[in-house]
Every structure is written in structure tokens, then in C-alpha cells.
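These are my notes on a few places I looked up in the structure. Each entry takes one topic in turn.

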Amino acid sequence: MTGTQEKKRVFIKTYGCQMNVYDSDRMADSLASDGYEATDRVDNADLILLNTCHIREKAAEKVYSELGRLRVMKEEAARNGRKLTVGVTGCVAQAEGAEIARRAPVVDLVVGPQSYQHLPQLLRDVADGKRAVETEFALAEKFERLPPATRERTRARGVTAFLTIQEGCDKFCTFCVVPYTRGAEVSRPVDMIVAEAARLADAGVREVTLLGQNVNAWHGVGTDGREWGLGQLLYRLAEIPGLDRLRYTTSHPRDMDDALIEAHRDLPALMPYLHLPVQSGSDRILAAMNRKHTADDYLRLVDRIRTTRSDIALSSDFIVGFPGETDADFEATMRLVETVGYAAAYSFKYSPRPGTPAAGHGGQVDDRRMSERLLRLQALILDQQTAFNRSRVGTVMDVLFEKAGRMPGQLMGRSPYLQPVLVDADTSRIGTIGRVSIDKLGSNSLFGNLVDPDVRPAATTSTVEVIT
């Protein structure tokens, strides 16, 4: 491409989970080497990609609705002599495949989440007049062939980053489409993960969140040729200079082994905040979900974790109204929430996913009852979250400053517990960790004042001190 040629522009709309955010960045990196620059304006894009999620209710229908709007945009572009290419990627692309191309002629290419390394070639096929559908499972090839982001692009994305280390799931929970859209569990090797994390740190990233559909099931080949678990990987990542904070999500209770729990005890860089989905507090419903743990198993695990790391905070996922859920089953969930005490949680009404075993179960709960239960559960969770946030007032916490706040002279950072924290400070502090005295609780954020007046590039601990 010569300097006189105008670059093509790509607009990527990302739905759903953090892994899709990571994948969208990697697609943008791949397309950059093929002459595309990212744009946040859909109206001036030459290529529009919908990176889809299949977890939420009626996900495919929402994609088709969006494609209807893009059809009008594509026709308008054609009338103006401009070619607009439209693609669908992600889990809906994997699940629907060629059906998307059949139902939505506006779509030029359909690419599943394990095939993004093929995007440049698929776009060349589209330029030759072909319609491309690629939904193969080839995770290892995906990560080997996708080019890394440049230092400049990484720096522009901020001081925190996602890093996918594992994809797919072998658990086959009866409500979940992940095994069918992301495939079986596959783990990236240690050297590949460490190299990517080191590149991120070199570009100014201070915090990395490790991603996987079942991240604590990760088991990659280590530098010693042996199989490592997530705990051992975290110890290695904590050695990378400049990488001050580590997190991981999403976990399964069955894969929280002793080494991983001990990493929370031993590693100051590993933040004391753990997302540990349980889904239900009823053993009968947990069995129907194929979770393969009981409520008591989960509670005993929580006790082990808190005994090892006393300041850890937990979040979770809950499904309300799973087929066959009775009032007694729901009350068991409420009791579990009351027993654990969460800092945050995500809760949803059950909705059937085509092709999953639960979609064919009898005893579907009516929507009105599900809504009533969800409101009760969310009220309890909100009370617990508010109480946890209020407990931070009067403490001093390490805060990683990420960006300017909405008000002039204000910065937004994150506490070790992922809470947004707002302080009055200069933008020179972005990318640094400072100690902040928390003095006020807002509706969605904490407010505080800097304790240390001097900028420091890294924190060696993630402590919380009570002001007396």
C-alpha cells in the first residue's frame, strides 16, 4: 500500500463477554496489517463486523435485527458508489453458520471465534465476489497466526488489558451453549502467554485479566515441559517487571485447587477479588444443571478461600427460574447468598438456548414468577454490594489510575476489588498506583483523596488499611 492510498476503515461492534472484547482487539490487530484502521464511526466504515455473543436471550434475533439496519446502510453506500462489507463473527456466527448468510443476504462473511486468523484471506475472497463462511475449531492455530498488537496500539488501549489463556469448556452445564460455540477446552502454552503478557507490560499495561470460558481449568505446557495449572502460571506472570496486578475470570468451583487458592495468599499482584459462579443454591437444581457440585461443596470452598486470604471479596452468577425450580429451590438460593455475602453478582432469568439439554426440560417456570424471584434476589445482592462498598469508606486502598474522570481535574481508577474510585489528581498519574483514603460512597463509585503526594510507578502490595 502506497502513502497516497487511503486506508480502509473497520468498525467492530462487540457484544457480550470480556473474551469478545479481547477477540475484537485481536481482529483489529490482524486487519491493521492488511491495511485497515479502526474507526468508532459506523457511518464511515468500509468493513463492519458484528462480534456476537450467544449467551443472552434471543441473541440470534438481535443480530438479524441489527443486520436489517446494516442492509439499509449498505444499499445507501452502494448508491453513493461506495462498497461496504459486512461480517458476522463470534458465537452466533459459530452457532448459526451458513444460516446467517442464507437469512441475511447483506452479510458477506461469517467467521467463528476460532478462525479470526483467516480474516484477511476471507476478505480477499469477498473482494473476488465470494461469500465466505468459516466456522472451524482451530484454537492453537488462531493464536499462533494472529499478529500481536503493536506497542502503539496496546498503549492506546489503556493501562489494563485482557489476555485469553483458555477457550472452550468440557463441563456441559445443561443451560450453556459454550461447548457448542467455542468447542472443547483448549489451553495456550505458558511461553505464549508469558510473551504476550510481557509485551503488554512493556507497552505500559499495569493490570492483566486472564480470560477463559473456564479459566481455572487452564492446564498448559510449562517452561519445564510439564503441565502447569493456573496457580503456577500466576506465580510466573507475577515475575514480569511492570505487571503490578493480576486477575482472572470466569472460574468454576470444581477447578479451584489448592495451588490456585495458595496463589491468592502468596502473590501481592493477584487481586483479592474472585468471580466464582454458583448459579443456584439448590442441590436439586444444581444436579439438573449438571454443575457436579452441591451448595455445601461451594460453601466449604468459600470457607477454604477466605481462611487462606481473609480480605478476599467474592462475586458470582445466578440463574433464576431454571426448569423445575420451585419456591423452595429459590429460597435455597437466597439462603446461600445470605450465607456467603457477595461484593457483587450477576443474576438473570433462565432463557432456553437452542441445542442445550435444558431447553427441552419440562417444568419451565412462567415469566411472571421468574421476574418476581429475580427482583428479590437482585435486591438482596444490591444490599450486600452496597454494604461492601460502604465498608471501604474510612480505609486506605491502592488504586490503579486508568483515565480522566468526567469532571475537570478528576481521575478514575480501580480498587483491588474492581470498584471505580474517583480522586482529584493530575493526568500524569494515569498508569500509576497510588494510595487513596476513601471518604465517600457515591451511587456507583467511591470518592477519596490521595495519601501520597508523589507519583510512584508501581505498588508492591494491594493493602487495605482502616483509618483510626
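**Helix H10 and its surroundings**

I looked up the packing of helix H10 and found that the buried residues of H10 are in contact with helix H9 (190-202), strand E10 (207-211), strand E12 (227-229), strand E13 (245-249) and helix H11 (258-266). The model I am reading is a predicted one. I then listed the buried residues of H10, which spans residues 230-237: Leu230, Gly231, Leu233, Leu234 and Leu237. They lie on the same side of H10, because the arc they cover around the axis is only 160°. I recall here that residues three or four places apart in an α-helix point the same way, because there are 3.6 residues a turn.

**Cysteines listed by UniProt**

I took Cys17, Cys53 and Cys91 from an unreviewed UniProt entry, which lists them under "binding site". They are spread over 75 residues of sequence, yet they cluster in space, with a largest C-alpha distance of 10.7 Å. I placed Cys17 in the loop between strand E1 (8-14) and helix H1 (18-32). Cys17 has a relative accessible area of 30% and is therefore partly exposed. I placed Cys53 in the loop between strand E3 (47-52) and helix H2 (59-79). Cys53 is buried, because its relative accessible area is 14%, and the cut-off for buried is under 20%.

**Ser443**

I found Ser443 in the loop that runs between strand E20 (433-441) and strand E21 (446-450). Ser443 has a relative accessible area of 76%, so I record Ser443 as exposed. The side chains of Ser443 and Asn444 are joined by a polar contact of 3.5 Å. I also noted that Thr386 is 57 residues from Ser443 in sequence, with 8.9 Å between their C-alpha atoms.

Key:
Residues numbered from 1 in each chain as written. Predicted model: local features only at pLDDT ≥ 70, side-chain atom pairs only at ≥ 80, totals over all residues. Heavy atoms only, no water. Helix = DSSP H or I, 4+ residues; strand = E, 2+ residues; numbered from the N terminus. Buried < 20%, exposed > 50% of the residue type's maximum accessible area, 1.4 Å probe, protein only. Polar contact = N/O pair within 3.5 Å; in protein donor to acceptor, adjacent residues only side chain to side chain. Arc of directions from axis to C-beta. Contact = heavy atoms within 4.5 Å. UniProt positions renumbered as here; feature names shortened; annotations may be inferred.
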